[in-house]
Amino acid sequence: MKKNIFAKKIIFFIILILFWQVISMAEIWPNNIFPSPYEVGEDLIFSASDGSLFFGIGTSIMRLIVGLAIAIAGGVVLGIFMARVESVNQTIGSLVLGLQSIPSIAWVPLAILWFGLTDGGIIFVTAIGAIFAVTINTYTGVKNIDPHYVEAARNMGAKGTQLITNVLIPAAFPYMISGFKQGWAFAWRGVIGAELLFSFLGLGFLLNVGRQLNDVSQVISIMLVIMLIGMAVDGFIFKKIENKVMSRWGLR
Amino acid sequence: MTKLETKGIVKYFKHESHQLMALGGVDLNVEDGDFVCLVGPSGCGKSTFLRIIAGLETPDEGQVLFDGKPITTTGPERIMVFQEGALFPWLKVQDNVEFGLKMAGIPKEERAQISKRYLDMMQLTKFSNSFTYQLSTGMKQRVAIARALVMDPDVLLMDEPFAALDAQTRDLLLVEMQLIWEKTKKTILFVTHNVAEAVVLGTKVAVFSNRPSKIKKLMAVDFKRPRLTEDENLLGLQQEILSELRPEVKKER
(Lines give C-alpha, C1' and ligand atoms only; values in the text may rest on other atoms or scores of the structure.)
Protein backbone atom coordinates (compact mmCIF):
# COMPACT_ATOMS: atom_id res chain seq x y z
CA MET A 1 0.00 0.00 0.00
CA LYS A 2 2.63 2.47 1.18
CA LYS A 3 5.02 1.28 -1.53
CA ASN A 4 2.28 1.72 -4.06
CA ILE A 5 1.81 5.38 -3.20
CA PHE A 6 5.56 5.95 -3.32
CA ALA A 7 5.79 4.32 -6.76
CA LYS A 8 2.90 6.48 -7.98
CA LYS A 9 4.72 9.61 -6.85
CA ILE A 10 7.98 8.62 -8.52
CA ILE A 11 6.24 7.83 -11.80
CA PHE A 12 4.36 11.12 -11.67
CA PHE A 13 7.52 13.15 -11.21
CA ILE A 14 9.38 11.26 -13.93
CA ILE A 15 6.54 11.94 -16.36
CA LEU A 16 6.49 15.60 -15.33
CA ILE A 17 10.22 15.99 -15.98
CA LEU A 18 9.98 14.18 -19.31
CA PHE A 19 7.10 16.45 -20.29
CA TRP A 20 9.20 19.47 -19.37
CA GLN A 21 12.11 18.11 -21.44
CA VAL A 22 9.86 17.57 -24.46
CA ILE A 23 8.45 21.09 -24.30
CA SER A 24 11.87 22.65 -24.01
CA MET A 25 13.08 20.54 -26.97
CA ALA A 26 10.16 21.82 -29.03
CA GLU A 27 11.81 25.23 -28.77
CA ILE A 28 8.58 27.19 -28.44
CA TRP A 29 10.46 29.66 -26.28
CA PRO A 30 14.17 30.49 -26.47
CA ASN A 31 16.39 28.38 -24.25
CA ASN A 32 17.48 31.23 -21.99
CA ILE A 33 13.80 31.86 -21.10
CA PHE A 34 12.66 28.24 -20.78
CA PRO A 35 15.63 26.02 -19.99
CA SER A 36 15.44 22.24 -20.11
CA PRO A 37 15.50 20.14 -16.93
CA TYR A 38 18.93 18.96 -18.00
CA GLU A 39 20.29 22.53 -17.94
CA VAL A 40 18.68 23.21 -14.58
CA GLY A 41 20.24 20.02 -13.27
CA GLU A 42 23.60 21.06 -14.62
CA ASP A 43 23.25 24.39 -12.87
CA LEU A 44 22.42 22.65 -9.61
CA ILE A 45 25.48 20.41 -9.91
CA PHE A 46 27.65 23.38 -10.69
CA SER A 47 26.48 25.43 -7.70
CA ALA A 48 26.72 22.34 -5.51
CA SER A 49 30.27 21.60 -6.62
CA ASP A 50 31.57 25.09 -5.93
CA GLY A 51 29.83 25.01 -2.53
CA SER A 52 27.75 28.14 -3.05
CA LEU A 53 24.51 26.15 -2.97
CA PHE A 54 25.24 24.50 0.36
CA PHE A 55 26.44 27.74 1.81
CA GLY A 56 23.17 29.33 0.70
CA ILE A 57 21.10 26.52 2.14
CA GLY A 58 23.04 26.62 5.40
CA THR A 59 22.65 30.36 5.75
CA SER A 60 18.91 30.30 5.09
CA ILE A 61 18.33 27.38 7.41
CA MET A 62 20.33 28.96 10.22
CA ARG A 63 18.20 32.10 9.98
CA LEU A 64 15.08 29.98 9.83
CA ILE A 65 16.01 28.01 12.93
CA VAL A 66 16.81 31.09 14.99
CA GLY A 67 13.67 32.90 13.82
CA LEU A 68 11.42 29.91 14.33
CA ALA A 69 12.88 29.22 17.77
CA ILE A 70 12.07 32.78 18.81
CA ALA A 71 8.58 32.45 17.33
CA ILE A 72 7.93 29.17 19.13
CA ALA A 73 9.17 30.41 22.48
CA GLY A 74 7.22 33.66 22.23
CA GLY A 75 4.14 32.14 20.65
CA VAL A 76 3.79 29.39 23.24
CA VAL A 77 4.09 31.83 26.16
CA LEU A 78 1.65 34.27 24.57
CA GLY A 79 -0.81 31.52 23.61
CA ILE A 80 -0.87 30.08 27.13
CA PHE A 81 -1.42 33.53 28.61
CA MET A 82 -4.28 34.19 26.23
CA ALA A 83 -5.91 30.87 27.05
CA ARG A 84 -5.58 31.19 30.81
CA VAL A 85 -6.22 34.90 31.37
CA GLU A 86 -9.45 36.09 29.80
CA SER A 87 -8.55 39.79 29.77
CA VAL A 88 -5.27 39.05 27.98
CA ASN A 89 -7.29 37.19 25.36
CA GLN A 90 -9.79 40.02 24.99
CA THR A 91 -7.06 42.61 24.49
CA ILE A 92 -3.86 41.11 23.10
CA GLY A 93 -5.86 38.31 21.47
CA SER A 94 -7.60 40.66 19.05
CA LEU A 95 -4.28 42.35 18.24
CA VAL A 96 -2.76 38.95 17.46
CA LEU A 97 -5.55 38.18 15.01
CA GLY A 98 -4.98 41.52 13.33
CA LEU A 99 -1.21 41.13 13.11
CA GLN A 100 -1.65 37.60 11.76
CA SER A 101 -3.22 39.10 8.64
CA ILE A 102 -0.08 41.07 7.75
CA PRO A 103 2.03 39.11 5.23
CA SER A 104 5.51 38.61 6.64
CA ILE A 105 7.05 40.32 3.63
CA ALA A 106 5.22 43.51 4.65
CA TRP A 107 7.44 43.63 7.75
CA VAL A 108 10.56 43.97 5.60
CA PRO A 109 10.62 47.79 5.39
CA LEU A 110 10.30 48.02 9.14
CA ALA A 111 12.99 45.38 9.61
CA ILE A 112 15.38 47.34 7.38
CA LEU A 113 14.72 50.58 9.26
CA TRP A 114 15.13 48.97 12.66
CA PHE A 115 17.91 46.47 12.05
CA GLY A 116 19.59 47.66 8.84
CA LEU A 117 20.71 45.16 6.25
CA THR A 118 21.66 42.55 8.81
CA ASP A 119 20.90 38.97 9.82
CA GLY A 120 18.91 40.45 12.67
CA GLY A 121 16.48 41.99 10.20
CA ILE A 122 15.92 38.70 8.40
CA ILE A 123 15.44 36.84 11.65
CA PHE A 124 12.96 39.50 12.75
CA VAL A 125 10.88 39.03 9.60
CA THR A 126 11.05 35.24 9.99
CA ALA A 127 10.04 35.26 13.63
CA ILE A 128 7.23 37.76 13.25
CA GLY A 129 5.84 35.82 10.31
CA ALA A 130 5.64 32.64 12.34
CA ILE A 131 4.84 33.75 15.86
CA PHE A 132 1.12 34.37 15.49
CA ALA A 133 0.37 30.97 13.98
CA VAL A 134 2.14 29.40 16.97
CA THR A 135 0.25 31.68 19.35
CA ILE A 136 -3.18 30.95 17.93
CA ASN A 137 -2.66 27.18 17.82
CA THR A 138 -1.26 27.09 21.34
CA TYR A 139 -4.24 29.12 22.51
CA THR A 140 -6.68 26.72 20.83
CA GLY A 141 -4.80 23.74 22.25
CA VAL A 142 -4.86 24.99 25.83
CA LYS A 143 -8.54 25.95 25.50
CA ASN A 144 -9.38 22.43 24.34
CA ILE A 145 -7.61 20.55 27.13
CA ASP A 146 -9.86 17.98 28.78
CA PRO A 147 -10.74 19.74 32.06
CA HIS A 148 -10.31 16.45 33.91
CA TYR A 149 -6.55 16.58 33.25
CA VAL A 150 -6.29 19.93 34.96
CA GLU A 151 -8.59 18.92 37.80
CA ALA A 152 -6.68 15.67 38.41
CA ALA A 153 -3.37 17.54 38.34
CA ARG A 154 -4.55 20.26 40.71
CA ASN A 155 -5.97 17.58 42.98
CA MET A 156 -2.52 15.95 43.08
CA GLY A 157 -0.94 19.22 44.07
CA ALA A 158 0.20 20.78 40.77
CA LYS A 159 0.01 24.54 40.66
CA GLY A 160 1.45 27.60 38.92
CA THR A 161 4.35 26.91 36.59
CA GLN A 162 4.30 23.23 37.60
CA LEU A 163 0.82 22.99 36.15
CA ILE A 164 1.92 24.77 32.97
CA THR A 165 5.01 22.68 32.26
CA ASN A 166 3.68 19.32 33.45
CA VAL A 167 0.12 19.46 32.20
CA LEU A 168 -0.93 22.41 30.03
CA ILE A 169 1.95 22.22 27.56
CA PRO A 170 1.97 18.44 27.10
CA ALA A 171 -1.84 18.28 26.98
CA ALA A 172 -1.98 21.02 24.34
CA PHE A 173 0.95 19.56 22.41
CA PRO A 174 -1.03 18.00 19.54
CA TYR A 175 -2.38 21.46 18.70
CA MET A 176 0.94 23.13 19.33
CA ILE A 177 2.66 20.85 16.85
CA SER A 178 0.25 22.01 14.12
CA GLY A 179 1.11 25.54 15.17
CA PHE A 180 4.81 24.79 14.79
CA LYS A 181 4.14 23.29 11.39
CA GLN A 182 2.22 26.32 10.21
CA GLY A 183 4.80 28.55 11.84
CA TRP A 184 7.61 26.81 9.99
CA ALA A 185 5.79 27.24 6.68
CA PHE A 186 5.36 30.97 7.33
CA ALA A 187 8.94 31.23 8.56
CA TRP A 188 10.33 29.54 5.44
CA ARG A 189 8.39 31.94 3.21
CA GLY A 190 9.55 34.82 5.41
CA VAL A 191 13.24 33.91 5.23
CA ILE A 192 13.28 33.52 1.47
CA GLY A 193 11.19 36.62 0.91
CA ALA A 194 13.31 38.77 3.16
CA GLU A 195 16.57 37.45 1.69
CA LEU A 196 15.26 38.22 -1.75
CA LEU A 197 14.71 41.82 -0.82
CA PHE A 198 17.63 42.82 1.32
CA SER A 199 20.18 40.20 2.05
CA PHE A 200 23.59 38.97 1.09
CA LEU A 201 23.84 35.19 1.21
CA GLY A 202 21.06 32.68 1.53
CA LEU A 203 18.75 31.03 -0.98
CA GLY A 204 16.68 34.16 -1.52
CA PHE A 205 19.85 36.03 -2.35
CA LEU A 206 20.85 33.36 -4.87
CA LEU A 207 17.45 33.71 -6.50
CA ASN A 208 18.02 37.42 -6.82
CA VAL A 209 21.51 36.90 -8.28
CA GLY A 210 19.99 34.56 -10.85
CA ARG A 211 17.55 37.25 -11.85
CA GLN A 212 20.26 39.90 -12.14
CA LEU A 213 22.37 37.62 -14.33
CA ASN A 214 19.36 36.72 -16.47
CA ASP A 215 20.12 33.12 -15.52
CA VAL A 216 16.73 31.40 -15.62
CA SER A 217 18.30 28.00 -14.94
CA GLN A 218 19.73 29.23 -11.67
CA VAL A 219 16.40 30.78 -10.64
CA ILE A 220 14.54 27.56 -11.33
CA SER A 221 17.16 25.39 -9.68
CA ILE A 222 17.05 27.46 -6.48
CA MET A 223 13.25 27.35 -6.51
CA LEU A 224 13.44 23.59 -6.74
CA VAL A 225 15.80 23.49 -3.78
CA ILE A 226 13.41 25.66 -1.76
CA MET A 227 10.56 23.32 -2.60
CA LEU A 228 12.54 20.17 -1.83
CA ILE A 229 13.63 21.47 1.54
CA GLY A 230 9.99 22.35 2.28
CA MET A 231 8.82 18.87 1.32
CA ALA A 232 11.55 17.24 3.36
CA VAL A 233 10.78 19.20 6.51
CA ASP A 234 7.03 18.57 6.19
CA GLY A 235 7.34 14.96 5.16
CA PHE A 236 10.07 13.79 7.49
CA ILE A 237 10.33 16.00 10.52
CA PHE A 238 6.76 17.13 11.09
CA LYS A 239 5.01 14.03 9.85
CA LYS A 240 7.11 11.84 12.15
CA ILE A 241 6.43 14.01 15.18
CA GLU A 242 2.74 14.29 14.36
CA ASN A 243 2.30 10.56 13.90
CA LYS A 244 4.00 9.82 17.18
CA VAL A 245 2.05 12.46 19.09
CA MET A 246 -1.30 11.50 17.59
CA SER A 247 -1.00 7.83 18.45
CA ARG A 248 0.43 8.37 21.90
CA TRP A 249 -2.21 10.94 22.82
CA GLY A 250 -4.82 8.44 21.69
CA LEU A 251 -6.13 10.72 18.96
CA ARG A 252 -5.97 8.01 16.37
CA MET B 1 -14.51 9.00 64.57
CA THR B 2 -16.01 11.32 62.00
CA LYS B 3 -13.62 11.85 59.11
CA LEU B 4 -15.81 13.84 56.82
CA GLU B 5 -19.02 15.70 57.36
CA THR B 6 -21.20 17.61 54.95
CA LYS B 7 -23.69 20.10 56.29
CA GLY B 8 -26.64 21.22 54.19
CA ILE B 9 -24.85 21.20 50.85
CA VAL B 10 -26.89 23.11 48.27
CA LYS B 11 -25.85 23.40 44.65
CA TYR B 12 -27.64 24.95 41.70
CA PHE B 13 -27.08 23.87 38.12
CA LYS B 14 -26.99 27.15 36.28
CA HIS B 15 -28.28 27.42 32.75
CA GLU B 16 -28.50 30.58 30.71
CA SER B 17 -32.08 31.45 31.52
CA HIS B 18 -32.83 29.53 34.69
CA GLN B 19 -31.26 27.59 37.48
CA LEU B 20 -32.07 24.23 38.88
CA MET B 21 -31.56 23.18 42.46
CA ALA B 22 -29.55 19.98 42.10
CA LEU B 23 -28.50 19.38 45.66
CA GLY B 24 -31.10 20.44 48.19
CA GLY B 25 -29.19 20.28 51.45
CA VAL B 26 -27.15 17.12 51.66
CA ASP B 27 -26.07 16.01 55.12
CA LEU B 28 -23.70 13.11 55.37
CA ASN B 29 -21.41 11.79 58.08
CA VAL B 30 -18.55 9.60 57.05
CA GLU B 31 -16.64 7.74 59.73
CA ASP B 32 -12.94 7.03 59.41
CA GLY B 33 -12.55 3.84 57.38
CA ASP B 34 -16.08 3.89 55.98
CA PHE B 35 -16.69 2.72 52.45
CA VAL B 36 -19.76 4.73 51.45
CA CYS B 37 -21.41 4.08 48.11
CA LEU B 38 -23.61 6.85 46.75
CA VAL B 39 -26.45 5.75 44.49
CA GLY B 40 -29.24 7.82 43.00
CA PRO B 41 -31.20 8.59 39.86
CA SER B 42 -29.09 9.95 37.03
CA GLY B 43 -28.74 13.70 37.12
CA CYS B 44 -29.42 13.90 40.86
CA GLY B 45 -26.07 15.53 41.45
CA LYS B 46 -24.24 12.73 43.24
CA SER B 47 -21.15 13.30 41.11
CA THR B 48 -21.37 17.02 41.81
CA PHE B 49 -21.57 16.20 45.50
CA LEU B 50 -18.35 14.19 45.18
CA ARG B 51 -16.69 17.04 43.30
CA ILE B 52 -17.67 19.45 46.06
CA ILE B 53 -16.04 17.19 48.65
CA ALA B 54 -12.93 17.05 46.44
CA GLY B 55 -12.92 20.85 46.39
CA LEU B 56 -13.26 20.98 42.61
CA GLU B 57 -16.55 22.85 42.96
CA THR B 58 -17.88 25.12 45.65
CA PRO B 59 -21.33 24.63 47.14
CA ASP B 60 -23.85 27.48 46.95
CA GLU B 61 -24.75 26.81 50.57
CA GLY B 62 -23.46 24.56 53.31
CA GLN B 63 -20.00 23.30 54.04
CA VAL B 64 -17.76 20.29 54.03
CA LEU B 65 -15.82 19.53 57.20
CA PHE B 66 -12.72 17.39 57.00
CA ASP B 67 -11.47 16.35 60.45
CA GLY B 68 -13.75 19.08 61.75
CA LYS B 69 -12.23 21.84 59.63
CA PRO B 70 -14.06 23.36 56.67
CA ILE B 71 -12.46 22.72 53.29
CA THR B 72 -12.17 25.42 50.64
CA THR B 73 -10.07 23.88 47.90
CA THR B 74 -8.59 20.62 46.66
CA GLY B 75 -6.11 18.86 48.88
CA PRO B 76 -3.90 15.80 48.72
CA GLU B 77 -5.83 14.26 51.63
CA ARG B 78 -8.90 13.96 49.35
CA ILE B 79 -8.01 12.39 46.01
CA MET B 80 -10.45 11.89 43.19
CA VAL B 81 -10.54 8.96 40.73
CA PHE B 82 -12.41 10.02 37.60
CA GLN B 83 -14.78 7.95 35.53
CA GLU B 84 -12.53 7.97 32.50
CA GLY B 85 -9.39 7.81 34.60
CA ALA B 86 -8.08 11.15 33.32
CA LEU B 87 -4.65 9.57 32.89
CA PHE B 88 -2.03 11.68 31.18
CA PRO B 89 -1.38 10.18 27.74
CA TRP B 90 2.02 11.86 27.45
CA LEU B 91 3.38 9.95 30.46
CA LYS B 92 4.26 6.31 30.89
CA VAL B 93 2.27 4.30 33.42
CA GLN B 94 4.92 4.65 36.10
CA ASP B 95 5.21 8.41 35.54
CA ASN B 96 1.44 8.75 35.72
CA VAL B 97 1.46 6.94 39.05
CA GLU B 98 4.32 9.10 40.34
CA PHE B 99 2.79 12.37 39.17
CA GLY B 100 1.61 13.59 42.58
CA LEU B 101 4.91 12.63 44.20
CA LYS B 102 6.80 14.58 41.56
CA MET B 103 4.64 17.63 42.19
CA ALA B 104 5.47 17.31 45.86
CA GLY B 105 9.17 17.45 44.99
CA ILE B 106 10.05 13.93 46.11
CA PRO B 107 13.32 12.76 44.49
CA LYS B 108 13.28 10.24 41.68
CA GLU B 109 14.62 7.19 43.53
CA GLU B 110 12.20 7.63 46.38
CA ARG B 111 9.32 8.09 43.94
CA ALA B 112 10.23 4.84 42.22
CA GLN B 113 10.26 3.00 45.55
CA ILE B 114 6.83 4.29 46.51
CA SER B 115 5.26 3.76 43.12
CA LYS B 116 6.60 0.22 42.90
CA ARG B 117 4.54 -0.76 45.92
CA TYR B 118 1.31 0.42 44.32
CA LEU B 119 2.17 -0.82 40.84
CA ASP B 120 2.64 -4.24 42.42
CA MET B 121 -0.60 -3.93 44.38
CA MET B 122 -2.56 -3.12 41.22
CA GLN B 123 -0.66 -5.77 39.19
CA LEU B 124 0.73 -3.17 36.84
CA THR B 125 4.45 -3.85 37.17
CA LYS B 126 4.63 -5.40 33.69
CA PHE B 127 3.08 -2.27 32.22
CA SER B 128 5.07 0.38 34.05
CA ASN B 129 6.85 1.44 30.85
CA SER B 130 3.74 1.38 28.66
CA PHE B 131 1.86 4.42 27.48
CA THR B 132 -1.81 4.65 28.33
CA TYR B 133 -3.05 4.17 24.77
CA GLN B 134 -1.57 0.69 24.92
CA LEU B 135 -3.78 -0.28 27.89
CA SER B 136 -7.29 -1.70 28.09
CA THR B 137 -9.97 0.29 29.88
CA GLY B 138 -9.65 -1.95 32.92
CA MET B 139 -5.89 -1.46 33.06
CA LYS B 140 -6.35 2.29 32.78
CA GLN B 141 -8.60 2.28 35.82
CA ARG B 142 -6.02 0.26 37.73
CA VAL B 143 -3.48 2.95 36.90
CA ALA B 144 -5.92 5.65 37.98
CA ILE B 145 -6.44 3.90 41.33
CA ALA B 146 -2.70 3.40 41.82
CA ARG B 147 -2.10 7.05 40.99
CA ALA B 148 -4.59 8.04 43.68
CA LEU B 149 -3.29 5.59 46.32
CA VAL B 150 0.29 6.80 45.87
CA MET B 151 -0.83 10.13 47.31
CA ASP B 152 -1.75 8.23 50.49
CA PRO B 153 -4.95 10.23 50.87
CA ASP B 154 -7.22 9.92 53.92
CA VAL B 155 -10.22 9.89 51.64
CA LEU B 156 -10.54 8.36 48.21
CA LEU B 157 -13.30 9.85 46.06
CA MET B 158 -14.33 7.60 43.20
CA ASP B 159 -16.72 8.83 40.52
CA GLU B 160 -18.23 5.81 38.72
CA PRO B 161 -14.76 4.42 38.07
CA PHE B 162 -16.03 1.07 36.78
CA ALA B 163 -18.92 2.33 34.64
CA ALA B 164 -17.11 1.86 31.34
CA LEU B 165 -15.80 -1.64 32.06
CA ASP B 166 -17.04 -4.95 30.74
CA ALA B 167 -18.71 -7.27 33.26
CA GLN B 168 -15.77 -9.64 33.80
CA THR B 169 -13.25 -6.88 34.33
CA ARG B 170 -15.61 -5.11 36.67
CA ASP B 171 -16.20 -8.21 38.80
CA LEU B 172 -12.45 -8.65 39.11
CA LEU B 173 -11.93 -5.05 40.14
CA LEU B 174 -14.83 -5.20 42.60
CA VAL B 175 -13.00 -7.96 44.47
CA GLU B 176 -9.68 -6.14 44.30
CA MET B 177 -11.24 -2.91 45.47
CA GLN B 178 -12.43 -4.69 48.62
CA LEU B 179 -8.94 -6.07 49.24
CA ILE B 180 -7.41 -2.63 48.73
CA TRP B 181 -9.84 -1.12 51.18
CA GLU B 182 -9.08 -3.79 53.78
CA LYS B 183 -5.34 -3.43 53.25
CA THR B 184 -5.10 0.36 53.17
CA LYS B 185 -7.92 1.24 55.60
CA LYS B 186 -8.84 4.23 53.44
CA THR B 187 -12.09 6.07 53.80
CA ILE B 188 -13.81 5.75 50.44
CA LEU B 189 -16.73 7.57 48.83
CA PHE B 190 -17.83 5.76 45.72
CA VAL B 191 -20.43 7.09 43.30
CA THR B 192 -22.20 4.48 41.17
CA HIS B 193 -25.49 3.98 39.40
CA ASN B 194 -25.17 0.23 39.87
CA VAL B 195 -26.88 -0.99 43.02
CA ALA B 196 -25.23 -4.43 42.89
CA GLU B 197 -21.84 -2.71 42.80
CA ALA B 198 -22.78 -0.54 45.76
CA VAL B 199 -23.84 -3.50 47.87
CA VAL B 200 -20.73 -5.49 47.05
CA LEU B 201 -18.37 -2.68 47.91
CA GLY B 202 -19.88 -0.53 50.60
CA THR B 203 -20.03 -0.60 54.33
CA LYS B 204 -22.86 1.88 53.81
CA VAL B 205 -25.04 2.80 50.88
CA ALA B 206 -26.46 6.32 50.68
CA VAL B 207 -29.53 6.61 48.47
CA PHE B 208 -30.04 10.02 46.88
CA SER B 209 -33.52 11.32 46.16
CA ASN B 210 -34.39 13.07 42.92
CA ARG B 211 -33.70 16.83 42.50
CA PRO B 212 -33.43 18.76 44.65
CA SER B 213 -31.60 15.82 46.14
CA LYS B 214 -30.98 14.89 49.68
CA ILE B 215 -29.84 11.63 51.14
CA LYS B 216 -33.07 9.72 51.36
CA LYS B 217 -31.72 6.76 53.21
CA LEU B 218 -28.40 5.59 54.58
CA MET B 219 -28.19 1.82 54.80
CA ALA B 220 -25.56 -0.28 56.51
CA VAL B 221 -24.22 -3.27 54.58
CA ASP B 222 -23.04 -6.00 56.85
CA PHE B 223 -21.92 -9.08 54.98
CA LYS B 224 -18.61 -10.82 55.15
CA ARG B 225 -15.99 -10.11 52.50
CA PRO B 226 -14.91 -10.62 49.86
CA ARG B 227 -18.40 -10.29 48.46
CA LEU B 228 -19.22 -11.22 44.90
CA THR B 229 -21.92 -9.71 42.69
CA GLU B 230 -23.62 -13.09 42.43
CA ASP B 231 -23.89 -13.62 46.21
CA GLU B 232 -27.51 -14.51 46.89
CA ASN B 233 -27.61 -13.09 50.38
CA LEU B 234 -26.92 -9.64 48.93
CA LEU B 235 -30.06 -9.76 46.81
CA GLY B 236 -32.46 -8.85 49.60
CA LEU B 237 -30.65 -5.61 50.37
CA GLN B 238 -30.32 -4.86 46.67
CA GLN B 239 -34.10 -5.17 46.33
CA GLU B 240 -34.60 -2.91 49.31
CA ILE B 241 -32.35 -0.22 47.82
CA LEU B 242 -33.99 -0.54 44.43
CA SER B 243 -37.41 -0.06 45.99
CA GLU B 244 -36.13 3.18 47.56
CA LEU B 245 -34.64 4.24 44.26
CA ARG B 246 -37.47 3.35 41.90
CA PRO B 247 -39.93 6.10 42.89
CA GLU B 248 -37.07 8.64 42.62
CA VAL B 249 -36.22 7.54 39.11
CA LYS B 250 -39.91 7.72 38.15
CA LYS B 251 -40.21 11.31 39.37
CA GLU B 252 -37.77 12.18 36.62
CA ARG B 253 -40.32 11.38 33.92
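Predicted model: local features only at pLDDT ≥ 70, side-chain atom pairs only at ≥ 80, totals over all residues.
Residues are numbered from 1 along each chain as its sequence is written, and chains are lettered from A and ligands numbered from 1 in the order in which they are written.

**View 1. Chain B as a whole.** Chain B holds 8 helices and 10 strands. Helices (H or I, at least four residues) and strands (E, at least two) are DSSP runs, numbered from the N terminus. The C-alpha atoms of chain B fill a box of roughly 50 × 45 × 40 Å along the principal axes.

**View 2. The open sheet of 6 strands in chain B.** The strand order is 6-7-8-3-9-10, with mixed pairing. Two strands pair if DSSP finds at least two bridges between them. Strand 6 (78–81) and strand 10 (215–220) of chain B are the edge strands, each pairing on one side only. Neighbouring strands are turned by 15° against each other on average, direction ignored. Strand 7 (155–159) and strand 8 (187–191) of chain B pair in the parallel sense, over 5 bridges. Here Val155(B) stands opposite Thr187(B) of strand 8. Helix 8 (235–251) of chain B packs on this sheet and touches strand 3 (35–39), strand 9 (204–208) and strand 10. Contact means C-beta atoms, placed from the backbone, within 7 Å. The direction of helix 8 of chain B makes about 15° with that of strand 9 of chain B. Axes are lines fitted to C-alpha atoms, for helices over the stretch in contact, and angles run from 0 to 180 degrees between N-to-C directions.

**View 3. The open sheet of 4 strands in chain B.** Pairing is antiparallel, in the order 2-1-4-5. The edges are strand 2 (19–31) and strand 5 (69–70) of chain B. Strand 1 (2–14) and strand 2 of chain B run antiparallel, joined by 10 bridges. Phe13(B) has Leu20(B) of strand 2 as its bridge partner. Helix 1 (46–54) of chain B packs on the sheet, touching strand 1, strand 2 and strand 4 (61–66). Its direction makes about 120° with that of strand 1 of chain B.

**View 4. Helix 6 against helix 8 in chain A.** Helix 6 (119–143) and helix 8 of chain A pack at about 160°, with their axes 7 Å apart. The two helices of chain A are therefore roughly antiparallel. Angles under 35 degrees count as roughly parallel, over 145 as roughly antiparallel, 65 to 115 as roughly perpendicular and the rest as oblique. Their contact has 19 nonpolar, 12 polar and 2 charged residues. Ala, Val, Leu, Ile, Met, Phe, Trp, Tyr, Cys and Pro count as nonpolar, Asp, Glu, Lys and Arg as charged, and the others, Gly among them, as polar.

**View 5. Helix 4 against helix 6 in chain A.** Helix 4 (86–100) and helix 6 of chain A pack at about 135°, with their axes 9 Å apart. That makes helix 4 oblique to helix 6 in chain A. Helix 4 of chain A contributes Val96(A), Leu99(A) and Gln100(A). Helix 6 of chain A contributes Phe132(A), Thr135(A) and Ile136(A). By class, this contact has 4 nonpolar, 2 polar and no charged residues.

**View 6. Where chain A meets chain B.** Chain A gives 16 residues to the contact and chain B gives 19. Helix 7 (147–155), helix 8 (161–198) and helix 10 (216–248) of chain A each supply at least two residues of the chain A side. The largest share of that side, 6 residues, comes from helix 7 of chain A.

Note on methods. Contact = placed C-beta atoms within 7 Å.
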